[in-house]
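The following exercises concern the architecture of two chains and the contact between them. Each task is followed by a solution in steps.

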Amino acid sequence: MSLTTAHSVVAPSANSKRIAGVIIVAYALISIVPLLWIFATSFKTPPDSIAYPPKIVFQPSLEGYCNLFTTRTRQTPEYINSLGPATGLCDETVRKRNMVIAGPSNFVPRFVNSLIIAFGSTFCAVFLGTLSAYGFSRFKVPLADDLLFFILSTRFMPPIAVAIPIYLMYRELGLSDTALGMILLYTAVNVSLAVWLLKGFIDEIPREYEEAAMIDGYTRLQAFWRTVLPQATTGIAATAIFCLIFAWNEYAFAALLTSGTAQTAPPFIPTIIGEGGQDWPAVAAGTTIFLVPILVFTILLRKQLLRGITFGAVRK
Amino acid sequence: MAEIRVQNLRKAFGAFVAVQDSNFVVEDGEFFVMLGPSGCGKTTTLRMIAGLELPTGGKILLGGEDVTMRRARERDIAFVFQLFALYPHMNVRKNIGFPLLAQGMPSAELRSRVEETAKLLRIDHLLDKSVSGLAGGDRQRVALGRAIVRRPKCFLMDEPLGTLDTEFRDLMVHELRELHNRIHATTVYVTHDQMEAMSMADKIAVMNHGVIEQFGTPREIYDRPATMFVADFIGSPPMNFLKFGGGLAKGAKEIVVQGAKVAVPEVREDVAPADMALGIRPEHIRFDDGSKLRGAIYGTEYLGTTQIVAVETADGIIKARVPAGIHLSPGEQVGLTLSSARLSLFEKGSGRAVRTAMHDQEARHG
């Protein structure tokens with residue numbers, strides 16, 4: 001019997017537990033190294049970030065974060081000396097490199113765009129997905145199987161395969177470089193996943209609950225809201241995470257369809273490199289901050305995520 | 001409370017007919033049981049009364065009002081599901097109060113009604129517990145509480161004891177009947193368990209293949225089964241059948257089975273020659289060496305006060321319920337004496353019972 005199924009039959013032996021523990025720890029370490037590297041780099045100075053051999057121990061600096069949030073111009077030392085005393089930590093840091101702060105960078109608006117587009121599209125996908133999944137699960141929908149297959153078939157190819165038609169359509173419709181356009185696009189991509197995931201969860205909720213509520217004097221919508229939805233929270237949370245992760249990380253469409261006002265963080269972060277040399281600490285800082293919302297969301301919903309991965313096989 | 005009147009009720013799912021032209025009346029305050037094997041249409045009938053399914057034809061009247069096409073929530077009925085359908089995200093109090101919340105009842109009144117109901121069901125100490133931690137019987141009581149709290153026109157119950165342990169089930173059967181005696185609510189109860197039906201019902205409808213085979217009191221159904229299906233379905237062990245041939249004339253008092261003359265209740269109708277069956281309840285067989293109807297002991301099943309004896313006759317095995325004291329050994333030849341007044345006659349082809357003197361009482365009962 002293989003190690004992976006042994007636990008379902010008998011309790012694992014101390015030895016197999018130990019081996020499993022070692023494998024898990026090793027895998028966790030390997031997975032976390034790039035993240036730690038990015039996190040460490042974000043606190044290095046630019047020379048430290050490209051030092052060889054790489055510096056494990058270094059003097060932490062906020063230069064990366066200062067550079068991330070600001071745009072700077074190079075000035076002569078005479079000009080800098082003629083200025084008054086530095087107004088803050090960042091001001092002081094950049095002056096050491098013969099620069100002055102010219103203004104805020106685009107990182108904050110791009111990050112806000114990402115938040116709006118990712119959460120907006122997640123909400124839409126989950127909202128539409130829940131309602132359609134409920135419909136497919138509970139009503140006799142004509143051609144239900146074909147419709148579900150059609151919905152699934154939208155994921156048979158990578159979304160980017162339709163990039164050119166979408167690019168042309170969006171240009172015609174005036175949706176290029178708009179938050180609405182990106183929300184619609186990510187919703188369309190995610191809604192198929194949402195319908196399929198949620199249908200599994202809703203199928204598992206016995207319909208007696210709604211029937212009981214409808215007999216007890218509630219309309220179908222009220223019954224749905226008060227009895228189905230509370231029991232589907234696990235599925236909804238898991239689905240929301242999957243949708244959010246996709247929308248948050250999506251790069252190709254964002255790079256193609258957004259360039260200005262609606263640009264999201266993923267296509268923006270690489271552009272930091274070009275501003276004044278190879279500014280790795282600033283890129284690392286942007287990436288670190290970019291990771292935070294997903295990290296928080298995932299930690300908050302980690303239990304549901306775990307159940308979501310088992311596709312509703314374990315409920316309650 | 002109200003009377004339920006079902007007229008020519010019919011339900012088809014595509015080509016499959018689940019319920020065929022059902023007719024019955026549940027009187028106000030009556031405990032009515034629909035009994036039958038799974039797939040016989042009893043649950044479908046119940047769901048149509050509840051408004052969870054719409055009938056293909058026929059009418060349902062609740063308290064004289066035609067509700068055939070009304071929505072479930074407009075019918076003022078309560079439904080107890082087999083799986084109880086307690087909302088896992090609410091505690092006991094909220095579960096019981098849920099139907100009252102729909103009515104927009106003021107919270108003080110709602111609270112007192114819920115507590116009153118809980119007291120009636122002896123679950124007032126559980127009100128603030130989560131329903132997921134409750135034992136089967138308590139879940140059942142909460143489900144009942146949610147049904148009775150609203151004081152609806154009638155209660156519909158779909159095998160509510162189906163998931164309980166046998167031990168608990170007996171307890172709940174008594175509790176349910178006791179509850180019914182206290183609140184006199186018109187109740188329609190669906191089950192496949194004849195013991196539940198016999199011990200609780202005022203009236204029983206026995207269903208098979210979407211057809212009501214017989215409608216009557218438990219006594220009528222047991223003593224005078226209207227069809228061979230009912231005779232076979234009710235009783236443990238079920239009724240024995242011995243075949244005999246030839247027609248029956250009105251006024252006949254005797255038939256010939258396996259060469260032996262058997263006295264039967266006086267026949268009240270003429271029956272054209274056909275394959276016939278004599279129906280005998282196991283407890284209506286006595287062993288009597290003088291009898292011409294004979295068989296060999298095949299096996300015995302000791303039950304304490306009685307024993308079930310399988311006897312091999314020329315027409316297969318029949319089962320007799322006799323006192324436990326009689327000692328019998330396999331292979332022994334015995335004569336069988338039948339209690340003439342309690343025998344049923346059936347037409348084998350249609351399964352229909354032949355009218356005999358036994359049915360006279362029915363007429364007298366009204």
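**Exercise 1. Determine what share of the contacts in chain A with a separation of 6 or more comes from residues 24 or more positions apart.**

Solution. Two residues are in contact if their C-beta atoms, placed from the backbone, lie within 7 Å. In chain A, 74% of the contacts with a separation of 6 or more join residues 24 or more positions apart. For chain B, the corresponding share is 65%.

The model is predicted: local features need pLDDT of at least 70 and side-chain atom pairs count only at pLDDT 80 or more, while totals for chains, interfaces and linings use all residues. Residues are numbered from 1 along each chain as its sequence is written, and chains are lettered from A and ligands numbered from 1 in the order in which they are written.

**Exercise 2. Describe the secondary structure and dimensions of chain A.**

Solution. Step one is to count the elements, which are DSSP runs numbered from the N terminus (helices: H or I, at least four residues; strands: E, at least two). Chain A has 17 helices and two strands.

Step two is the extent: the C-alpha atoms of chain A fill a box of roughly 85 × 65 × 40 Å along the principal axes. The radius of gyration, taken over C-alpha atoms, is compared with a globule rule of 2.2 Å times the number of residues to the power 0.38. Chain A has 25 Å, whereas a compact globule of 316 residues would have a value near 20 Å.

Step three is the division into domains, whose bounds come from an automatic or database domain assignment. Chain A is assigned domain 1 (12-41), domain 2 (46-105) and domain 3 (108-267 + 299-309). Between domain 1 and domain 3 of chain A, the C-alpha centres are 32 Å apart.

**Exercise 3. Is Ala11(A) buried or exposed?**

Solution. First, locate the residue: Ala11(A) lies in the loop between helix H1 (3-9) and helix H2 (14-41) of chain A. Next, apply the cut-offs for other C-beta atoms within 10 Å of the residue's own, all placed from the backbone: buried at 20 or more, exposed at 12 or fewer, partly exposed in between. Ala11(A) is exposed because it has 9 other C-beta atoms within 10 Å.

**Exercise 4. Which helix supplies the largest share of the side of chain A that touches chain B?**

Solution. Begin with the totals: 15 residues of chain A are in contact with 17 residues of chain B. Helices H11 (208-215) and H12 (220-231) of chain A each supply at least two residues of this side of chain A. The largest share, six residues, comes from H11(A).
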